[in-house]
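Here is a friendly walk through the pockets and charge pairs of one protein model. Have a look at the structure, then read on.

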Amino acid sequence: MKEIRRAIVAGTLKPGDKLTEVKLSSMLNVSRPTIREALTQLAQEGLLIQEPYRGLRVATLDTADILDIARTRMALDMLAAESILEDTTGRRMAIVDAAWEAFDKIAFHPDPVVLHEAHIAFHRSFWVASENALLLRLWPVTEAHLTIALAQDQATRADPVRAHEVHEQLVRSMRSGDMEAIEAAFSVHTIGSAEQLIKLLEQDKETA
């Protein structure tokens, strides 16, 4: 399953690509029953779409999907932020700081899969720091949609400098404890990024 996920992140398997057990078994040198189990799990997570009479394909996101995901993530991230700031001991914020330090060390790594995994780990740690049990239960589905969105983003643009800056600003706003500043930083990171991606995708359609 990890190899299929990696192929999606790296762009070897692109959004909309049809998947077959035979093709993947040959590509990954893994037995078909193992491939079948992995495909079922990835479909349950939302990375793959099952189409009647057509089999499985890598999930794609249209502009409405991208905005829906961004707005929902924004709301959930703000809930996590509130929970983190409620902790007066600083223990929860320390988890965020540690996650940022880990992300910062490899923010300009040349391997897109390494960058993706670091990005995912940072945001998961943010929810972990909130200690909100429901957020953690929602994470696997959220991660699947985030993976597809990031794969489309990576295929459309590659801007590690901006990615580093917006994440650094997230952490700075959290350290300030100012909810207005935090909301503004998350809006730039999540909503702003989604709107920019949509604009680029629409430009690609016009020139195609």
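The lining of the largest pocket is made up of 19 nonpolar, 11 polar and five charged residues. In this scheme Ala, Val, Leu, Ile, Met, Phe, Trp, Tyr, Cys and Pro are nonpolar, Asp, Glu, Lys and Arg are charged, and the others, Gly among them, are polar. The model is a predicted one, in which local features need pLDDT of at least 70 and side-chain atom pairs count only at pLDDT 80 or more, while totals for chains, interfaces and linings use all residues. Residues are numbered from 1 along each chain as its sequence is written, and side-chain values use heavy atoms, with hydrogens and water left out.

The largest pocket has a volume of about 740 Å³. Of its 35 lining residues, His119, Leu150, Asp153, Arg157 and Ala163 are the closest to the centre. Two or more lining residues come from each of helix 4 (63-86), helix 6 (112-130), helix 7 (133-156), helix 8 (160-176) and helix 9 (179-207). Helix 7 gives the most, with seven residues.

A word on terms: a pocket is an open set of points on a 1 Å grid over the protein atoms alone, where a 1.4 Å probe fits and protein lies on both sides within 12 Å along at least five of seven lines; lining residues have an atom within 4 Å of a point. Points are joined across faces, edges and corners, and the volume is the space filled by probe spheres set on them. Helices are DSSP runs (H or I, at least four residues), numbered from the N terminus.

The second largest pocket has a volume of about 240 Å³. It is lined by 13 residues, and Leu61, Gln152, Thr156, Leu201 and Lys205 are the closest to its centre. Helix 7 and helix 9 each supply at least two of the lining residues, and the largest share, four residues, comes from helix 7. By class, this lining has five nonpolar, four polar and four charged residues.

Now to the charges. Side chains of opposite charge can pair when their charged atoms come close. The whole structure holds eight salt bridges, each a side-chain nitrogen of Lys or Arg within 4 Å of a carboxyl oxygen of Asp or Glu.

| Salt bridge | N to O distance |
|---|---|
| Arg32 and Glu21 | 3.5 Å |
| Arg36 and Glu21 | 2.9 Å |
| Glu168 and Arg172 | 3.5 Å |

Where do arginine 32 and glutamate 21 lie? Arginine 32 is in helix 3 (residues 32-45) and glutamate 21 in helix 2 (residues 21-28), 11 residues apart, so the pair links distant parts of the chain. Glutamate 21 counts as buried, at 19% relative accessibility, whereas arginine 32 is partly exposed, with a relative accessible area of 40%. Buried means under 20%, exposed over 50% and partly exposed in between (1.4 Å probe, protein chains only). Arginine 36, also in helix 3, is 15 residues from glutamate 21 and is partly exposed at 41%.

Glutamate 168 and arginine 172 both lie in helix 8, four residues apart, about one turn of the helix. Glutamate 168 is partly exposed at 25%, and arginine 172 is partly exposed at 48%. Shared partners join Glu21, Arg32 and Arg36 into one salt-bridge network.
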